[in-house]
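The points below go through it one by one.

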Amino acid sequence: MQADNKLYHYVYETKIITPERFMLYYGKHSTDNLKDGYQGSGLVVVNALKKIERLKRENKTVNIFVYTNILKFFDTQKEAFDYEEKIIQAEYDSEFNVNIAKGGLGLAKGSKISEETKQKIR
């Protein structure tokens with residue numbers, strides 16, 4: 001008999017701290033394992049995690065720190081996406097926010113990127 005795995009839907013905040021900058025990334029994640037180590041799929045988060053791994057492989061000092069906290073759980077993916085969109089839009093113009101998309105389902109592959117978004121990536 002197969003166990004019934006509960007699927008958790010939540011919105012999280014990832015803090016990225018470097019010697020030069022403090023950044024915040026907000027996202028939504030669904031999982032049946034709350035200890036899966038997920039920290040986000042945003043460009044800035046992914047690049048920070050890759051850089052940390054590279055520094056570790058090269059036995060160099062790691063001066064980038066990434067922390068992820070769950071902000072709120074939801075019963076459905078839709079509720080989580082709606083909340084993610086709401087929180088990102090509230091924080092979108094903050095100097096610390098590094099979300100490129102304004103929430104919800106994110107950018108579709110092949111989307112045109114605005115000058116405002118290009119600035120956020122930089």
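**Notes on the predicted model**

1. Eight of the ten residues of E2 are buried, so this strand is largely enclosed by the rest of the structure. Buried means under 20% relative accessible area, exposed over 50% and partly exposed in between, with a 1.4 Å probe and protein chains only. E1 is likewise largely enclosed by the rest of the structure, because seven of its ten residues are buried. Across the protein, buried residues make up 34% of the 122 residues.

2. This is a predicted model, in which local features need a pLDDT of at least 70 and side-chain atom pairs count only at pLDDT 80 or more, while totals for chains, interfaces and linings use all residues. Residues are numbered from 1 along each chain as its sequence is written, and side-chain values use heavy atoms, with hydrogens and water left out.

3. The average pLDDT (the predictor's confidence in each residue, from 0 to 100) is 87 for the protein, and 81% of the residues score at least 70. Over residues 107-113 the pLDDT is below 50, and this stretch has four contacts in the model beyond near neighbours in sequence. Contact means heavy atoms within 4.5 Å.

4. The secondary structure comes to three helices and three strands. Read from the N terminus, the order of elements is β-β-α-β-α-α. Helices (H or I, at least four residues) and strands (E, at least two) are DSSP runs, numbered from the N terminus. Among contacts between residues at least 6 apart in sequence, 57% join residues at least 24 apart.

5. E1 and E2 pair in the antiparallel sense over ten bridges, and a hairpin joins the two strands through four residues. Isoleucine 16 has methionine 23 in E2 as its bridge partner. Valine 11 illustrates both pairings: its bridge partner in E2 is lysine 28, and in E3 valine 11 stands opposite lysine 72. Glutamate 13 stands opposite asparagine 69 in E3.

6. The largest nonpolar core has twelve residues: Tyr10, Tyr12, Ile16, Met23, Tyr25, Val44, Val45, Ala48, Ile52, Ile64, Val66 and Val98. A nonpolar core is a set of buried Ala, Val, Leu, Ile, Met, Phe, Trp, Tyr and Cys residues joined through side-chain atoms within 4.5 Å. Strand E1 (8-17), strand E2 (22-31) and helix H1 (43-57) are the elements that give two or more residues to this core. H1 gives the most, with four residues. A second, separate core of eight residues includes Leu24, Tyr26, Phe74 and Ala80. In soluble globular proteins, nonpolar side chains tend to be buried together.

7. Which residues does tyrosine 25 contact, leaving aside its neighbours within four places in sequence? Tyrosine 25 is in contact with Tyr12, Glu13, Thr14, Gly40, Ser41, Gly42, Val45, Val98 and Asn99.

8. Asparagine 99 lies in the loop between H2 and helix H3 (115-121), and asparagine 97 is found in the loop between H2 and H3 as well. Asparagine 99 is buried, with a relative accessible area of 3%; asparagine 97 counts as buried at 3% relative accessibility. The side chain of asparagine 99 reaches the backbone oxygen of tyrosine 26 at 2.7 Å. The side chain of asparagine 97 reaches the backbone nitrogen of asparagine 99 at 3.2 Å. A polar contact is a pair of N or O atoms within 3.5 Å; within protein, one must be able to donate a hydrogen and the other to accept it, and residues adjacent in sequence count only if both atoms are side-chain atoms.

Methods:
Two strands pair if DSSP finds at least two bridges between them.
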